[in-house]
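Please look over the structure shown here before reading on.

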Amino acid sequence: MTDHERAFEIFETQLTRHSDLASVVFKTFTGLPFVYIEPKPEVTRTEVEDILKVCAAKAMRGKRLTLAMSFVRKNQASYVYRVRFLVPQRKMFCCGNLCDDCIRFTH
């Protein structure tokens, strides 16, 4: 298991166990991870974002990763965020130029 996979696993565990969140659902669309968060009634969007950042920081501790998080929309009672952990200096997609270090050859 890579640092990236391990970090996402820790992040998922931290979020689902957080006491201020009523429900947390992870979904992947077109290869991008999205998290649907339904906070408890008294929790604001700013507090939700702080929870996301704290959980991500715990997951990234000791690893060379950076957080890429963006708000997508509010869906009924849930907030939808795209959350990714990025590995520095590593290709994230195939450019089609048949490179020696192509992402296609790492899986």
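## Briefing on the predicted model

At 35% relative accessibility, E9 counts as partly exposed, where buried means under 20% relative accessible area, exposed means over 50%, and partly exposed lies in between (1.4 Å probe, protein chains only). This is a predicted model, in which local features need pLDDT of at least 70 and side-chain atom pairs count only at pLDDT 80 or more, while totals for chains, interfaces and linings use all residues. Residues are numbered from 1 along each chain as its sequence is written, and side-chain values use heavy atoms, with hydrogens and water left out.

**Overall fold**

- The protein has two helices and four strands; helices (H or I, at least four residues) and strands (E, at least two) are DSSP runs, numbered from the N terminus.
- Read from the N terminus, the elements follow the order α-β-β-α-β-β.
- Along the principal axes, the C-alpha atoms fill a box of roughly 50 × 30 × 20 Å.
- Of the 107 residues in the protein, 29% are buried.
- Contact means heavy atoms within 4.5 Å. Among contacts between residues at least 6 apart in sequence, 44% join residues at least 24 apart.

**The sheet**

- Strands of a sheet pair through backbone hydrogen bonds, either parallel or antiparallel. Here two strands are said to pair if DSSP finds at least two bridges between them.
- The four strands form an open sheet in the order β1-β2-β4-β3, with antiparallel pairing. β1 and β3 stand at the edges with a single partner strand each, so one side of each has no neighbour in the sheet. From one strand to the next, the twist averages 25°.
- Strand β1 (residues 21-29) pairs with β2 in the antiparallel sense over eight bridges. In this pairing, L21 stands opposite P39 in β2.
- β1 and β2 form a hairpin, with two residues between them.
- β2 also pairs with strand β4 (residues 78-86), in the antiparallel sense and over four bridges. I37 stands opposite Y79 in β4, and the bridge partner of V35 in β4 is Y81.
- Strand β2 (residues 32-39) is largely enclosed by the rest of the structure, because six of its eight residues are buried.

**The helices**

- Two packed helices are described by the angle between their axes and the distance between the axes. Axes are lines fitted to C-alpha atoms, for helices over the stretch in contact, and angles run from 0 to 180 degrees between N-to-C directions.
- The axes of α1 and α2 come within 8 Å and cross at roughly 140°. This makes α1 oblique to α2: angles under 35 degrees count as roughly parallel, over 145 as roughly antiparallel, 65 to 115 as roughly perpendicular, and the rest as oblique.
- On the α1 side, the contact is made by A7, I10, F11, Q14 and L15, and on the α2 side by I51, L52, C55, A56, K58 and A59.
- α1 lies across β1, β2 and β4 and runs at about 150° to β1.
- α2 lies across β1, β2, β3 and β4 and runs at about 25° to β4.

**Salt bridges**

- Side chains of opposite charge can pair when their charged atoms come close. A salt bridge is a side-chain nitrogen of Lys or Arg within 4 Å of a carboxyl oxygen of Asp or Glu.
- A search of the whole structure finds two salt bridges.
- One joins the side chains of E9 and R6, at 2.5 Å from N to O. E9 and R6 are three residues apart in helix α1 (residues 3-16), so about one helical turn separates them.
- R6 is partly exposed, at 36% relative accessibility.
- R45 forms a salt bridge with E49, with the closest N and O atoms 3.1 Å apart. Both R45 and E49 lie in helix α2 (residues 45-60), four residues apart, about one turn of the helix.
- R45 is partly exposed, with a relative accessible area of 36%.

**Two loop residues with positive phi**

- T30 has a positive phi of about 50° although it is not a glycine. T30 is found in the loop between β1 and β2, and it counts as exposed at 79% relative accessibility.
- Q76, also a residue other than glycine, has a positive phi near 50°. Q76 lies in the loop between β3 (66-75) and β4, and it counts as exposed at 72% relative accessibility.
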